[in-house]
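This report describes selected features of a model with two protein chains. Please read it with the sequence and the structure at hand.

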Amino acid sequence: MTADSFLLEIPAVAVYLGTARSFSSQIAQQAGFDEATVEDVKLAVSEACAGSVGPPGSDGRVVVRSWLEPRIVAFEVEGTGDFAPDGSQDAPARIDLIKTLFPDASLARHNGRTTVRFTIPLRG
Amino acid sequence: MDGGRRSRQETTIELQLTHRTAGDWTVLDIVGEVDLYTAPALRERIASLIDGGVRRLVVNLEEVGFLDSSGLGVLIGALRRLKEHDGVLRLVCNEGSTLKVLTVTGLDKVFQIHTDLGSATAS
């Protein structure tokens, strides 16, 4: 990781979602985004982490990465969850909500791990 | 509404749920963040209220600082269950990020959303 990159690793259990939200909102605030965008980042990262959380009792980890590039801030969430519904048939799909907030969001699966990535353009 | 009867209170780490009566309505006040971790407690409380005969329910989201798709799923499920019993669900929501989640998902057209508790329990 470079000076302009950040990493958070948390146990893949839902109780730590708030930690991921705090982490991502601090990065977004430091990048100078307005309050609405900070809230969008919090929601997108939280949804990505929730989708990456494994079933109860799983011992996996979820990794949140963020880095600054000249014109964007990127966020990436990697875990072992499969983005399956959380047991409620009524809940909107997490990845669809993330894509609504950040249209370039992507979900990739590789070697049993899922990675969600999205970027936010920097102003100016 | 302040004079409503407070009947039960439970606290988890990040979510406080309190319900009371306000005229013909049952008001469920939520304080905290609703996500994958806390949504089951909310689902259980709403199910308990409906199973106990509540048919006119106001879910007060004024003090909800965060609401994700798990929470939306709980609210949609509550609406579905109440409709099955000819009941009514109203939401009170005037906070930016919570209201935005309802809007971007199109659920602002599905739920009856009020900006204050008084109007939600008015009729």
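Helices (H or I, at least four residues) and strands (E, at least two) are DSSP runs, numbered from the N terminus. On this basis, chain B has four helices and six strands, and along the sequence they follow the pattern β-β-β-α-β-α-β-α-β-α. The model is predicted, so local features need pLDDT of at least 70 and side-chain atom pairs count only at pLDDT 80 or more, whereas totals for chains, interfaces and linings use all residues. Residues are numbered from 1 along each chain as its sequence is written, while chains are lettered from A and ligands numbered from 1 in the order in which they are written.

**The sheet of chain A**

Two strands pair if DSSP finds at least two bridges between them. Strands of a sheet pair through backbone hydrogen bonds, either parallel or antiparallel. In chain A, five strands form an open sheet in the order E1-E2-E3-E5-E4, with antiparallel pairing. Strand E1 (5–11) and strand E4 (106–110) of chain A stand at the edges; each has a single partner strand, so one side of each is left without a neighbour in the sheet. The table sets out two of the pairings.

| Strand pair | Sense | Bridges | Residues that face each other |
|---|---|---|---|
| E1(A) and E2(A) | antiparallel | seven bridges | A:Leu8 and A:Val64 |
| E4(A) and E5(A) | antiparallel | five bridges | A:Leu107 and A:Val116 |

E4(A) and E5(A) form a hairpin with two residues between them, and A:Asn111 in the turn has a positive phi of about 50°.

**Buried and open parts**

A residue is buried if 20 or more other C-beta atoms lie within 10 Å of its own, exposed if 12 or fewer, and partly exposed in between; C-beta atoms are placed from the backbone. Of the five residues of E4(A), the number buried is zero, so this strand lies largely in the open. In helix H3 (residues 94–101) of chain A, the buried residues are A:Arg94, A:Leu97 and A:Ile98. They cover an arc of only 100° around the axis (taken from the directions from the helix axis to the C-beta atoms), which puts them on the same side of H3(A). Their cover includes helix H2 (35–52) and strand E5 (113–121) of chain A, together with H2 of chain B.

In chain B, 46% of the 123 residues count as buried. B:Ser69, found in helix H2 of chain B, counts as buried because it has 30 C-beta neighbours inside 10 Å.

**Helices of chain B and the contact between chains**

Two residues are in contact if their C-beta atoms, placed from the backbone, lie within 7 Å. The contact between the chains takes 20 residues from chain B and 22 residues from chain A. On the side of chain B that touches chain A, helix H2 (69–84) and helix H3 (96–104) of chain B are the elements that give two or more residues. The largest share, eight residues, comes from H2(B).

H2(B) also meets helix H1 (residues 39–51) of chain B: the two axes come within 9 Å and cross at roughly 10°. Axes are lines fitted to C-alpha atoms, for helices over the stretch in contact, and angles run from 0 to 180 degrees between N-to-C directions.
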